[in-house]
Amino acid sequence: MANRAYRLCKNGLSTFDYLSSLVLLSRADPSQRLFAITEYDRVIDELLVKKRYQQNNFYKIQLETNQLALAKVKTERQRNQLMWGLAGASLLSLIIFLIYRNRLFQLRHEINKKNQKSNARIEELLVKNQEIEAQTRKHLLRGIAMEIHDNVLNRLASTRYQLFKLHFKQDKQTLHEAMEGIEHIQQVENELRLLTHNLTNESNSATISLLSMIQELIDIHHEVYDQEVEFTVSQWDWEQLPYDTKVNCLRIVQEALLNITKHAKATRISIQFIHDTHQLIFRISDNGKGIEEVKTTPGIGLKNLEERAQMMAAKIEVYSTPAEGTTLQITLPI
């Protein structure tokens, strides 16, 4: 019976039943005991080897699963770090842009305030100069009235009396006094001529002083923008220029200084007034960044300068080299 059970287990039953049949075989047939024990140990060893193999496969699969999980976590962490990095970079760029834009608006506001301050000072100087001119004319007219009353009218009255006496007598003494009256009339003529000459000179001096106003403008520019300006003048009587020409020259210098401050980023500015035979040259130069394309057209902001140059029948020219500077030149025939 034990042999039959062993054969049945060996032919397809489970391992457990096979081992049970070996135990029964060893008990039922002593002659098969050694075989049964040996076979039993062999099956047990196979089971142990199979179990260890399955355990190794399980550990290997578990290790690979853990590695995949770790790789997934690492990838997710890197992705999160990248996303946070991009978000941080975007936020930093936005903050820098907002700071730059705010600073740019502040600079524009400061420049506009300085420009308004400079324009106000120039207008104040012009008004002050006009007031001085009016006061000068007033004092001049008063002086003329005093000269006419105290000198001319008194001399004429005395001469008229001396000549009137000829109507009553014509002796030698009266004729001599009449001749003195004629001399008085000549003196009155000379005094009137001198008075007329002084009046003409005083009227000319009552207009604005171009060089003083330019220097005042430079001082204001230095005070407002803290930029050094070199001012050189040729030997010539610049004050003989007409009033309108002086005002246009002043405005051209003012506009040029303003443009240099706004656009050129210059550290040195030079203003030259040059007398050259039959023409006057007003040259304004800087060592700024220059302009890419030089055209004396309204397209590059020279419309105001052109109009003022046309008012004076002058020629305007612009010379510029990128990164080296710009020169504005006004040529006025005389």
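The model is predicted, so local features need pLDDT of at least 70, side-chain atom pairs count only at pLDDT 80 or more, and totals for chains, interfaces and linings use all residues. Residues are numbered from 1 along each chain as its sequence is written, and side-chain values use heavy atoms, with hydrogens and water left out.

## Overall layout

Let's start with the secondary structure. The chain has 7 helices and 5 strands; here helices (H or I, at least four residues) and strands (E, at least two) are DSSP runs, numbered from the N terminus. Going along the sequence, the pattern reads α-α-α-α-α-β-α-β-β-α-β-β. The chain has 334 residues, and 28% of them count as buried. Buried means under 20% relative accessible area, exposed means over 50%, and partly exposed is in between, using a 1.4 Å probe and protein chains only.

A contact means heavy atoms within 4.5 Å. Among contacts between residues at least 6 apart in sequence, 63% join residues at least 24 apart.

## The nonpolar cores

In soluble globular proteins, nonpolar side chains tend to be buried together. A nonpolar core is a set of buried Ala, Val, Leu, Ile, Met, Phe, Trp, Tyr and Cys residues joined through side-chain atoms within 4.5 Å. The largest one has 40 residues, and those with the most contacts inside it are Ile214, Val253, Ile271, Phe273, Phe282, Leu328 and Ile330. Helix H6 (residues 243–264) gives the largest share of this core, 9 residues.

Take Ile214 as an example: leaving aside residues up to four places away in sequence, Ile214 touches Phe231, Cys249, Leu250, Val253 and Phe273. There is also a second, separate core of 6 residues, which includes Tyr18, Leu19, Leu25 and Ala36.

## Salt bridges

Side chains of opposite charge can pair when their charged atoms come close. The rule used here asks for a side-chain nitrogen of Lys or Arg within 4 Å of a carboxyl oxygen of Asp or Glu, and by this rule the count comes to 6 salt bridges. Here are some of them.

| Salt bridge | Closest N and O atoms |
|---|---|
| Arg79 and Glu76 | 2.6 Å |
| Glu123 and Arg251 | 2.7 Å |
| Lys246 and Glu239 | 3.2 Å |

Arg79 and Glu76 are a local pair: they sit 3 residues apart in helix H3 (residues 33–164), so about one helical turn separates them. Arg79 counts as partly exposed because its relative accessibility is 44%, and Glu76 is partly exposed too, at 37%.

Glu123 is partly exposed at 41% relative accessibility, whereas Arg251 counts as buried at 14%.

What about Lys246 and Glu239: buried or partly exposed? Lys246 is buried, with a relative accessible area of 1%, while Glu239 is partly exposed at 27%. Elsewhere, salt bridges that share partners join Glu39, Arg42 and Glu46 into one network.

## H6 against H7

H6 also packs on helix H7 (residues 303–311), at an angle of about 165° and with the axes 10 Å apart. Axes are lines fitted to C-alpha atoms, for helices over the stretch in contact, and angles run from 0 to 180 degrees between N-to-C directions.

## Two more residues

Gln254 lies in helix H6 and is buried, with a relative accessible area of 10%. Not counting residues up to four places away in sequence, Gln254 touches Ser118, Asn119, Ile122 and Leu217. The C-alpha atoms of Gln254 and Ile218 are separated by 8.7 Å, with the two residues 36 apart along the chain.

Arg33 is found in helix H3 and counts as partly exposed, at 41% relative accessibility. Arg33 and Val23 are 10 residues apart in sequence and 8.4 Å apart in space, C-alpha to C-alpha.
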